[in-house]
Amino acid sequence: MIELEGVPELIDPVMVAAFEGWNDAGDAASTAVAHLDREWKGEVFAALDAEDYYDFQVNRPTVFMEAGVRKITWPTTRLSVVRVGGEKPRDLVLVRGIEPSMRWRSFCNELLGFAHELGVELVVVLGALLGDTPHTRPVPISGTTSDADLARRMDLEETKYEGPTGIVGVLQEACTHAGVPAVSLWAAVPHYVSQPPNPKATLALLNRLEDLIDVRIPLGELPEDARAWQVGVDQLAAEDSEVAEYVQSLEEARDTAELPEASGEAIAREFERYLRRHDGGGPPGAGGHATADGSDSTSYLRDNPSGRARPPKPPKPGTDDDESSED
C-alpha cells in the first residue's frame, strides 16, 4: 500500500521521468529532470527500495563523510514534486533514477501506483539515443506514444518501433496497459561525441517538454552551456581532418533530408516558445547506449586508447535511420 503523507493535493499533475543508463546517451535525459528538480526546488517524498531493483555489483553504492560520520548512498529511484506557477499553475512529479537491474514489471507497477495515488494525468518519459546526427545542427527530438488518439491530439508519432528496449519502453507500455496516457521524448545524440554531459541535447528535450505540457521552464545557464559545448566539439573536430570531413557529410545528409520540413508549423512553434519566455519574465550505466536501431554503441571522437577507427558512412539523404526512436 502506497501512503503519501505530507504530499498536498496536486494540480493537473504530470509525471516526468528519466533513467540513467542505456536510455540516457550523454546523460541528456537524466540531466533534464535534474534541471527541473533544481530550478523548481523539488521536494523528495519517496524513494524505491534499492534492494528490490538494483544489482549493487553493477550500480555500486557510494560512501561519503558527513560531520565526521561515514554514510552510504544507495543507487535508487526517487520521486519529488514541484509546483509550476503562473496563470495556470500545475504540479510536476519528477522521477529520477537508474535503469533497474531486475524486476522491471514490479518497478513499473510501483511507479504507476504513485501515479494513480497522485492523480497523474500524463506520464512523460525522457530518453536519449545515439544517432547519425551532426552536432552542428538542431538536436532531433522524437515524440512517440502507443495511443493513436493521443498521437493525433498532441502532434506525436504513433510508435512502430520493434527491437531491444529499455526501461523507458517498458514503462510506457505499462502505462498504456494501465490506461494512463504516456509519451516518450527522445533526443538524438551524435554517436561520435557521446560523452556526458550534452547540454545541447538536454536543452532540446526541455524545449520539447515545454511545448508538450504548456509550461515555461526556466533554463538558467543551459543555453550558454549548450553554445560552449558546441564550440568545444567544433574545436575537437577541427583538429582531425577525417572527423571534420565526416561531420560535413552528416550535415549535408541532414540538410537535404530536412529541407522540406522547414514548415510554417515549426516556425510557429518556435515563435510561441519565444512569446512564452518573454511574457511575464521570471525565472551512468555500464555498457553503451540506445541507438536508432536498438543496438548498443560506444563513443568515437575522443579517449580511445587503441586509436580511432574510421567513422561509419552517414545514411543517404532522405532516409530516417537516425530519426526513429525506441520506446
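Tutor: Of the 327 residues in the protein chain, 48% are buried; here buried means under 20% relative accessible area, exposed means over 50%, and partly exposed lies in between, with a 1.4 Å probe and protein chains only. The model is a predicted one, in which local features need pLDDT of at least 70 and side-chain atom pairs count only at pLDDT 80 or more, while totals for chains, interfaces and linings use all residues. Residues are numbered from 1 along each chain as its sequence is written, and side-chain values use heavy atoms, with hydrogens and water left out.

The chain contains nine helices and twelve strands; helices (H or I, at least four residues) and strands (E, at least two) are DSSP runs, numbered from the N terminus. Its accessible surface is about 16,700 Å², and carbon and sulfur atoms account for 50% of that area. Such areas come from the Shrake-Rupley method with a 1.4 Å probe, and for residues only the protein chains shown count as cover.

Now to the part requested. Eight salt bridges are present in the structure, a salt bridge being a side-chain nitrogen of Lys or Arg within 4 Å of a carboxyl oxygen of Asp or Glu. One of them joins R83 to D91, with 2.7 Å from N to O. R83 is partly exposed, at 43% relative accessible area, whereas D91 is buried, at 2%.

Another salt bridge pairs E121 with R90, whose closest N and O atoms are 3.9 Å apart. This pair links distant parts of the chain, 31 residues apart: E121 belongs to the loop between α3 (104–118) and β7 (122–131), and R90 to strand β6 (residues 90–98). E121 is partly exposed, with a relative accessibility of 41%, while R90 is buried, at 16%.

A further salt bridge lies within a helix. E224 and R227 have their closest N and O atoms 3.0 Å apart. Both residues belong to helix α7 (residues 222–238), and because they are three residues apart there, about one helical turn separates them. E224 is partly exposed, its relative accessible area being 46%.

In helix α6, 15 of 15 residues are buried. D214, which follows α6, has a positive phi, near 60 degrees.
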